[in-house]
Amino acid sequence: MGETYEWDRMEDLGWRYISEQVSHHPPTAATHCESTAGWVCWQDLTMHSHWHMNTCDFDPTGITHLKFTESGHHYTWRKVSTIVHNLIMGKLWVDQVGDMVIINHKTGDTCKLQFIPSYGKEQKQVKGAVSDSTGQMKWTLSGTWDEEFYATSVSSQTNKSEPKLIEVLWKSKPPVPGADKYYNMTEFACQLNEMEFGIAPTDSRFRPDQRLMEECLWDAANLEKVRLEEKQRNSEKRWERGEEDMKSVDVLSVQSRQIYTPLWFQKGMDEIIPKTSSYKYTEKYWEQKKMKLWNMCPKIY
């Protein structure tokens, strides 16, 4: 616990992101992203996995919030499942499956999306509709989750005298040259693990096994991964027995047995969803980074 990851893109993209692992069992990450364009996005993410012979389902739990500060529009949704096929035999491929409901809590508008399993002619298809607070459909949605997504006005479909109004909501960027040598990752994805100056010592880019993998030292990376996991397990056992304290090099804070306090997030009741707890950003990380004060961070590596 206590591992963090930050990405500050204020200078070129106008936003910055911070996340922290706030729970070990189940593994839970709390995230917060803020933008100069006037929006804030945050979520708690817990992942449950289920094996089925040659496939593995990854089912995320938790709610994602997106709030536009000036207009007050506040959206929430839950993620769909990710399924990895042919883990043991055959060509590996990934699918997104399930239903997603996006709610605008200011207006009552809803967007319902269906991620259709990729079989036969239906490959990576997403279909849905946007309705107002009275339930009247305003837009139909269609496309794929990996290439492009469109919205079509319902009024332009029913009224033949009007030109059909279709808007492109999203379109993927073409792969960068040589992407096949980088597992076909996007330029954005390749930048995620680049080391930066001034980040917290708990940042995941400091994981020694991860750095060794970056250098293609696979055997050394596997040995280091085993060492880190064993260290985390031993630390967790001591923490659960109440043997760790504020000066521990392995944990952040123990107020009493079985109570762990994250450094950059605070657990409380969700401000939108009734009877639901969530982690709220404490607004302290970027201030500490500016002052270069990381003495409160645990030595987790």
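**Exercise 1. Which residues form a nonpolar patch on the surface of this predicted model, and is W51 buried or exposed?**

Step 1: Look on the surface for W51, L87, I88, M89 and L92, which form the nonpolar patch. Together these residues have about 610 Å² of accessible area.

Step 2: Pick out W51 and find its element: W51 sits in strand 4, which covers residues 39–52.

Step 3: Check the accessibility. Exposed means over 50% relative accessible area, and W51 has 57%, so W51 counts as exposed.

**Exercise 2. Find the largest nonpolar core, and say which elements give two or more residues to this core.**

Step 1: Collect the members. The largest nonpolar core has 12 residues, including I18, V22, W264, F265, Y281 and W286.

Step 2: Turn to the elements. Strand 2 (15–23), strand 18 (277–281) and helix 5 (285–291) each give two or more residues to this core.

Step 3: Look elsewhere for another core. Apart from the largest one lies a core of 11 residues, with M100, F115, V126 and F149 among them.

**Exercise 3. How many helices and strands does the chain have, and how much of the chain counts as buried?**

Step 1: Count the elements: the chain has 5 helices and 18 strands.

Step 2: Turn to burial: 36% of the 301 residues count as buried.

Step 3: Finish with the surface. The accessible surface of the chain is about 18900 Å², and 56% of this belongs to carbon and sulfur atoms.

Technical notes:
Residues are numbered from 1 along each chain as its sequence is written. This is a predicted model: local features need pLDDT of at least 70, side-chain atom pairs count only at pLDDT 80 or more; totals for chains, interfaces and linings use all residues. Side-chain values use heavy atoms; hydrogens and water are left out. Patches are made of residues with over 30% relative accessible area and no salt bridge: like charges are joined within 9 Å, nonpolar side chains (Val, Leu, Ile, Met, Phe, Trp, Tyr) within 5 Å. Accessible areas come from the Shrake-Rupley method with a 1.4 Å probe; for residues, only the protein chains shown count as cover. A salt bridge is a side-chain nitrogen of Lys or Arg within 4 Å of a carboxyl oxygen of Asp or Glu. Helices (H or I, at least four residues) and strands (E, at least two) are DSSP runs, numbered from the N terminus. Buried means under 20% relative accessible area, exposed over 50%, partly exposed in between (1.4 Å probe, protein chains only). A nonpolar core is a set of buried Ala, Val, Leu, Ile, Met, Phe, Trp, Tyr and Cys residues joined through side-chain atoms within 4.5 Å.
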